[in-house]
Amino acid sequence: MQIKYFATLRDITRVSEEHISVPEQTLEELIQFLCARYGRSFAKWVSCEDGGFGSLSIFLINGTDYRSLDGLQTRLKDSDVISLFPPIAGG
Amino acid sequence: MYGWTGIILRVNLTTGEIKKEPTNLQDAKLFIGARGLASKILTDEIDPKIDPLSAENKLIFAPGPLSGTMAPSMGRYDVVCKAPLTGLLAASNSGGSFGPEIKFAGYDLVIVEGAAKKPVYLWINDDNVEIRDASEIWGKNVPDTTEALRAATDEDAKVACIGPAGEKKVLFASIMNEMHRAAGRSGVGAVMGSKNLKAVVVVGTKPIAVADPEAFEKAVMVARKKITEHPVGGTGLRVYGTDVLTNILNSVGSLPTRNFHEGYFPNADKFGGESLTAKYLTRPRGCFSCIISCGRATKVTNPKYAGEGEGPEYETAWGFGSDCGIDNMDAVVKANFICNELGLDTITMATTIACAMDLYESGFITGKDTGGLAVKFGDADTMLKLVEMTANREGFGDQLAEGSFRLATRYGHPEYSMSAKKQEMPAYDPRGIQGIGLHYATSNRGGCHVRGYTISPEVLGVPFKVDQHATEGKPQLVITFQNLTAALDSTGSCLFTTFGIGAEELAALLSAVTGVTYTVDDFMKAGDRIWNLERLFGLKSAITGKDDRLPDRMSKEPIPAGPSKGEISHLDKMLPEYYTLRGWDSKGVPTPEKLHDLSLA
């Protein structure tokens with residue numbers, strides 16, 4: 001699947017997007033996989049563990065917010081485009 | 001008085017009379033300050049039917065009771081008048097330090113009346129106030145004007161001025177303070193130009209009295225902690241600025257593109273906040289007492305577009321970017337610099353050019369109308385040329401200077417103007433995000449995002465997440481945001497404090513500073529009161545409930561591609577409930593009971 005990183009997450013991963021081929025899994029499992037790959041600085045923004053900001057982060061699956069789907073239990077397909085944003089705002 | 005200085009400065013440019021009047025405490029309690037109190041005074045004093053560019057209009061510079069205090073991010077003020085772009089009340093909000101400086105000089109508001117016979121500027125040095133000749137600076141751009149006036153008065157003076165666009169009464173001319181901060185929307189700069197007022201220059205040295213210093217210090221520390229610990233207020237905005245929104249709006253398929261024909265722009269990343277930070281940002285900048293610092297000091301090094309200044313904000317990058325079909329970030333940043341230097345509202349400027357591109361590509365405007373210019377989507381250099389031509393009302397720019405509604409109407413196709421109540425909609429597609437569409441349609445100043453920023457829950461999930469495509473619950477959500485923002489604007493606070501604090505903390509700050517007890521309900525009711533006051537003026541001046549609408553394109557042309565493909569606005573489903581919840585009748589008129597409840601009857 002295609003993973004797109006924005007804002008701080010792009011700075012941490014040093015890529016704007018990458019392709020990851022993994023067996024069918026949930027969004028939660030993908031987040032855990034990425035946290036293991038990119039470490040604590042990444043986990044701080046996308047996970048709720050250790051006081052992280054994950055509950056305020058924005059995860060889109062093909063442009064739809066995961067909270068309008070099955071949340072972290074949303075099942076992912078290899079053809080999906082996943083966009084990951086840390087908590088952001090503006091106006 | 002505490003928080004409020006208790007003095008209003010009134011200057012009549014026709015007669016030259018300068019007066020100092022007591023602030024009406026009862027009105028101050030009910031309407032707070034800034035947007036609210038200035039709107040109350042303006043609506044009491046002018047006939048809603050006046051020509052906005054006549055001497056009968058008044059121009060009010062309005063900080064709030066929290067302006068100039070040590071509460072966090074209290075650098076905002078409003079410029080209030082009848083707006084030339086819409087015929088509605090304008091309350092254009094700007095940051096920097098100009099608003100607090102008015103308070104330090106000892107004034108709650110500065111009311112400018114009448115019109116001078118020749119160019120003048122107003123010099124406020126604490127108690128000493130003078131109307132001075134501005135003939136030598138008339139015609140200068142904003143940076144040159146600012147530097148000349150600092151040299152003529154005080155090197156630390158805060159300067160709010162117009163550029164050539166305001167002098168030429170471009171209907172969306174801005175008032176710029178401290179060079180880069182804009183009271184942008186609705187044409188307040190044109191009103192200033194119509195009064196032959198080039199600038200207001202202020203130096204103040206007085207303290208602001210606080211009713212309960214101990215309670216205030218406590219409330220300040222609570223607010224600071226909540227804002228700095230919030231990942232958005234404390235980190236995100238400082239690092240990336242507001243333009244970080246470009247990629248998220250594009251990713252959910254609601255980044256208006258090519259005059260709102262589409263909601264997705266494949267190259268949006270080129271002008272997003274990540275690119276701005278990587279290639280253009282020299283340092284973040286904050287307003288008075290700001291702990292967020294979303295401002296961007298920026299520089300373009302490409303010789304073709306070279307320049308230095310501040311910004312762009314998200315709405316500006318979007319407007320000159322995807323709405324014009326342009327992915328050249330050098331040109332987008334340059335367009336923002338030109339708007340700031342010449343004194344133009346970037347949102348209406350960009351969207352009016354997008355409208356012209358749309359009309360041209362549809363064949364309704366030809367080279368005969370444009371003076372030979374091919375005005376096509378994606379042409380960055382023509383876009384830049386049109387910005388300068390508009391500010392100077394040169395050639396086809398003279399038509400653009402009237403805004404997109406009048407431009408499109410001139411060519412027989414008002415439906416090409418992406419505006420509500422003649423003011424252009426900003427950077428969030430109301431087909432893909434239902435609540436913001438209801439807000440656009442009902443906003444008291446026409447197309448506008450900041451007075452009811454439902455994007456926060458609908459897209460960003462702050463402070464909670466709701467489905468952007470749903471209509472259920474949106475009328476109450478919009479009303480809550482509209483009322484909260486009306487009250488917040490009236491304190492002098494920055495809207496971005498709400499990415500950390502809300503009505504409870506703002507009411508605590510306001511109570512401690514003024515000595516007037518505001519509960520959360522009192523605070524929200526003040527917002528409701530201000531909203532209804534603005535509505536009443538609009539109904540008398542320019543609109544009926546039939547104007548609570550969006551362009552037909554929003555309900556008849558589904559978003560053609562991207563994540564929000566197939567979506568249209570369902571405004572008609574939401575509007576009746578909005579009226580009912582507001583306490584308005586079926587025609588959108590506040591009922592007598594509602595007005596009595598708000599002490600507006």
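Which helix gives the most to the lining of the largest pocket? Select α3(A): with five residues, α3(A) gives the most to that lining. The model is predicted, so local features need pLDDT of at least 70 and side-chain atom pairs count only at pLDDT 80 or more, while totals for chains, interfaces and linings use all residues. Residues are numbered from 1 along each chain as its sequence is written, chains are lettered from A and ligands numbered from 1 in the order in which they are written, and side-chain values use heavy atoms, with hydrogens and water left out.

**Stop 1: the pocket at chain A**

Helices here are DSSP runs of H or I with at least four residues, strands are runs of E with at least two, and both are numbered from the N terminus. The pocket has a volume of about 470 Å³. Its lining has 21 residues, and those that lie nearest its centre are A:A43, A:V46, A:S47, A:C48 and A:E49. By class, the lining residues are eight nonpolar, eight polar and five charged. Ala, Val, Leu, Ile, Met, Phe, Trp, Tyr, Cys and Pro count as nonpolar, Asp, Glu, Lys and Arg as charged, and the others, Gly among them, as polar.

On a 1 Å grid over the protein atoms alone, a pocket is an open set of points with protein on both sides within 12 Å along at least five of seven lines, a cavity is a set where a 1.4 Å probe fits but cannot get out, and lining residues have an atom within 4 Å of a point. Grid points are joined across faces, edges and corners, and a volume is the space filled by probe spheres set on the points.

**Stop 2: the cavity in chain B**

The structure holds one cavity of 30 Å³ or more. To find the largest cavity, select B:R76, B:N93, B:R181, B:A182 and B:E313, which lie nearest its centre among 49 lining residues. Its volume is about 870 Å³. Next colour β5 (89-94), β11 (181-183), β14 (295-300), α11 (314-320), α12 (329-342), α13 (346-361) and α20 (474-491) of chain B, each of which supplies at least two lining residues. The largest share, four residues, comes from β5(B). The lining divides into 15 nonpolar, 22 polar and 12 charged residues.

**Stop 3**

Of the 18 residues of α20(B), 16 are buried, that is, under 20% relative accessible area, with exposed meaning over 50% and partly exposed in between (1.4 Å probe, protein chains only). The end C-alpha atoms of α20(B) are 26 Å apart, in agreement with the 26 Å that its 18 residues should span at 1.5 Å a residue; the expected span is 1.5 Å times one less than the number of residues. Just after this helix, B:G492 takes a positive phi of about 100 degrees.

In the loop between α19 (455-460) and α20 of chain B, select B:P463. A cis peptide bond joins B:V462 to B:P463, with omega about 0 degrees. Another cis bond joins B:G311 and B:P312, with omega about 10 degrees; B:P312 is in the loop between β15 (307-310) and α11 of chain B.

**Stop 4**

Go to B:D126, in the loop between β7 (120-125) and β8 (128-133) of chain B. B:D126 is not a glycine, yet its phi is positive, about 55 degrees. With a relative accessible area of 14%, B:D126 is buried.

B:N259 lies in the loop between α9 and α10 of chain B and has a positive phi near 55 degrees. Its relative accessibility is 1%, so B:N259 counts as buried. B:N267 is placed in the loop between α9 (245-251) and α10 (273-279) of chain B, and at 33% relative accessibility B:N267 counts as partly exposed.

**Stop 5: a helix pair**

Finish with α22 (residues 520-541) and α24 (residues 571-582) of chain B, which pack at an angle of about 115 degrees with their axes 12 Å apart. Axes are lines fitted to C-alpha atoms over the stretch in contact, and angles run from 0 to 180 degrees between N-to-C directions. Show B:D528, B:W531, B:N532 and B:R535 of α22(B) with B:Y578, B:Y579 and B:R582 of α24(B), which make the contact (heavy atoms within 4.5 Å). These contact residues are three nonpolar, one polar and three charged. In α22(B), 16 of the 22 residues are buried.
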